[in-house]
Amino acid sequence: GSFLYILERNHIYRWVYQADPLRGTIFKAVNRGCINQRCWVIADGTAYMLDERGIHAFDGGESQPISTVIQDVFRTSDSDFRVNWAASKWFHAGHFPSQETIRFFVTAEGQFLPRHAIVYNYRLNRWWTEHYPVAIGASCVWPSSNAESRMLFGAEAKRVFAFWPGIYTID
């Protein structure tokens, strides 16, 4: 729309102006936020964000919690897999449109760099986790000439992996 959204860890603000940008106004939109500047993606006009309370979908008006079924991974619990919030500055997210999935790369408790992804299929409303043998420091979608885009993972030691249909090392 005609708003600029400002994300904080626990809040989303909406900034608007009419004639002069120096005289704009900021309004609190919702009491949810984004853990860092790399933990959000837009899919089908909805922003999906990771904050300290889990993952939520923000449509510009309201925020809906979507990770209720996997909430144990975000808080202290007896779950086998728990997010290490102390390493949240390394978290990031990637949208893979051809799979209709969003991967939130996080660090498991006891680790320092992201070796896990919490994966959400937004068409089927399904969740799962993935474990990688190396730390994944960045991700992006690489458009391909054959209309089948690939997700690229940046890993340690200056390695890049292309994901789907398999994992390949790009030299």
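**Salt bridges**

I looked up the salt bridges and found that the structure holds nine. A salt bridge here is a side-chain nitrogen of Lys or Arg within 4 Å of a carboxyl oxygen of Asp or Glu. I note that this is a predicted model, in which local features need pLDDT of at least 70 and side-chain atom pairs count only at pLDDT 80 or more, while totals for chains, interfaces and linings use all residues. Residues are numbered from 1 along each chain as its sequence is written, and side-chain values use heavy atoms, with hydrogens and water left out.

**Arginine 9 and glutamate 52**

I took arginine 9 and glutamate 52, which form a salt bridge with the closest N and O atoms 2.9 Å apart. The pair links distant parts of the chain, 43 residues apart: arginine 9 is in the loop between β1 (4–7) and β2 (12–16), and glutamate 52 is in the loop between β5 and β6. Strands are DSSP runs (E, at least two residues), numbered from the N terminus.

I then checked accessibility, where buried means under 20% relative accessible area, exposed over 50%, and partly exposed in between (1.4 Å probe, protein chains only). Arginine 9 is partly exposed at 35%, and glutamate 52 is partly exposed at 33%.

**Aspartate 44 and arginine 123**

I found a second salt bridge between the side chains of aspartate 44 and arginine 123, at 2.6 Å from N to O. Aspartate 44 lies in the loop between β4 and β5 and arginine 123 in the loop between β10 and β11, so this pair ties together parts that are 79 residues apart in sequence. Aspartate 44 counts as exposed at 53% relative accessibility, while arginine 123 is partly exposed at 47%. I also noted that Asp44, Glu100 and Arg123 are linked in a network of salt bridges.

**Arginine 82 and glutamate 109**

I looked up arginine 82, which forms a salt bridge with glutamate 109, the closest N and O atoms being 2.5 Å apart. Arginine 82 is in the loop between β7 and β8 (92–96) and glutamate 109 is in the loop between β9 and β10, so the pair ties together parts that are 27 residues apart in sequence. Glutamate 109 counts as partly exposed, with 48% relative accessibility.

**The sheet β4 to β7**

I traced an open sheet of four strands, in the order β4-β5-β6-β7 and with antiparallel pairing. β4 (40–43) and β7 (63–65) stand at the edges with a single partner strand each, so one side of each has no neighbour in the sheet. The twist averages 25° from one strand to the next.

Two strands pair if DSSP finds at least two bridges between them. β5 (residues 46–51) and β6 (residues 54–58) run antiparallel and are joined by five bridges. Aspartate 51 has glycine 54 in β6 as its bridge partner.

**Strand β10**

I looked at β10 (residues 116–121) and found six of its six residues buried, so the strand is largely enclosed by the rest of the structure. His116, Ile118 and Tyr120 are buried on one side, and Ala117, Val119 and Asn121 are buried on the other. In a regular strand the side chains alternate between the two faces of the sheet.

I checked the partners of β10. Strand β9 (residues 101–106) runs antiparallel to β10 and is joined to it by six bridges, with threonine 101 opposite asparagine 121. Strand β11 (residues 126–131) also pairs with β10 in the antiparallel sense, over six bridges, and glutamate 130 in β11 is the bridge partner of alanine 117. β10 and β11 form a hairpin with four residues between them, and asparagine 125 in the turn has a positive phi of about 55°.

Note on methods. Axes are lines fitted to C-alpha atoms, for helices over the stretch in contact, and angles run from 0 to 180 degrees between N-to-C directions.
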